[in-house]
Amino acid sequence: MSYCPPYASFFGFAGVASAMIFSTVGAAFGTSKAGIGISGLSVVRPDLVMKSLIPVVMSGIIAVYGLVVSVLIAGDLEPTKDYPLFSGFIHLAAGLACGLTGLSAGYAIGIVGDTFVRAYVYEPRVFVAMVLILIFAEVLGLYGLIIALILNTRTGGAAEACRIS
């Protein structure tokens, strides 16, 4: 049995795609959902629009997490080097960890952003609660980024198995 079959890189590329696609979909959902609330707010109170852009900015950060992880994973994928199946599975897990937590964080940011921005029109004191909840929703994506970075560091030395077999 070979530790470095030719199809192993498929799993690595699936990790790259998972990190980018899922985190970007989460960021897009968060941006669109919060943007709907902001456009509703801007009709009634245009002076509050700039303060209400926080959910949109936080959603964009989720996409950056996926970009970082996919660039790191793609850096290990080279056609001239052996790529072990172990690394493929680790990179797939890292991409899924970052992507799916980014998806859930973007969803949470969108729902919270839309709801609180609409409530902010009538009660300015909810702004602090909105920011706190958005921070905790953003941390979901950050946890996925940290797990993906930890997993990515575990692939070092796996290519030695290809030379042994």
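## Ground rules

Since the model is predicted, local features need pLDDT of at least 70 and side-chain atom pairs count only at pLDDT 80 or more, while totals for chains, interfaces and linings use all residues. Residues are numbered from 1 along each chain as its sequence is written, and side-chain values use heavy atoms, with hydrogens and water left out.

## Overall shape

The protein has 5 helices and 0 strands, and its pattern along the sequence reads α-α-α-α-α. Helices and strands here are DSSP runs numbered from the N terminus (H or I over at least four residues for helices, E over at least two for strands).

With a radius of gyration of 20 Å, well over the 15 Å that the globule rule gives for 165 residues, the protein is more spread out than a compact globule. That radius is taken over C-alpha atoms, and the rule is 2.2 Å times the number of residues to the power 0.38. Along the principal axes, the C-alpha atoms fill a box of roughly 70 × 20 × 20 Å. As for burial, 41% of the 165 residues count as buried (buried is under 20% relative accessible area, exposed over 50%, partly exposed in between, using a 1.4 Å probe and protein chains only).

## What the record says

An unreviewed UniProt entry lists "transmembrane region" for residues 7-32, 52-73, 85-107 and 127-151. Positions are given in the numbering used here, feature names are shortened, and annotations may be inferred rather than shown by experiment. In the model, residues 85-107 are 100% helix and 0% strand, with end C-alpha atoms 33 Å apart. Residues 127-151 are likewise 100% helix and 0% strand, and their end C-alpha atoms lie 37 Å apart.

The unreviewed entry also has "domain: V-ATPase proteolipid subunit C-like" at residues 15-73 and 92-151. The end C-alpha atoms of residues 15-73 are 7 Å apart, and that span is 85% helix and 0% strand. For residues 92-151 the figures are 10 Å between the end C-alpha atoms, 95% helix and 0% strand.

## Helices α1 and α3

Helix α1 (residues 8-44) and helix α3 (residues 85-122) have axes that come within 7 Å and cross at roughly 5°. That makes α1 roughly parallel to α3. The labels go by angle: under 35 degrees is roughly parallel, over 145 roughly antiparallel, 65 to 115 roughly perpendicular, and the rest oblique. Axes are lines fitted to C-alpha atoms, for helices over the stretch in contact, with angles from 0 to 180 degrees between N-to-C directions.

The contact residues split into 24 nonpolar, 15 polar and 3 charged. Here Ala, Val, Leu, Ile, Met, Phe, Trp, Tyr, Cys and Pro are nonpolar, Asp, Glu, Lys and Arg are charged, and the others, Gly among them, are polar.

## Salt bridges

The count comes to 5 salt bridges, each a side-chain nitrogen of Lys or Arg within 4 Å of a carboxyl oxygen of Asp or Glu. One of them joins D114 and K33 at 3.7 Å, N to O. D114 lies in α3 and K33 in α1, so this pair ties together parts that are 81 residues apart in sequence. D114 is buried at 10% relative accessible area, while K33 is partly exposed at 26%.

Elsewhere, R45 pairs with D47, with the closest N and O atoms 3.1 Å apart; R45 is partly exposed at 29% and D47 exposed at 55%. E123 and R125 meet at 2.8 Å, N to O, with E123 partly exposed at 30% and R125 exposed at 69%. Shared partners also join K33, D114 and R118 into one salt-bridge network.
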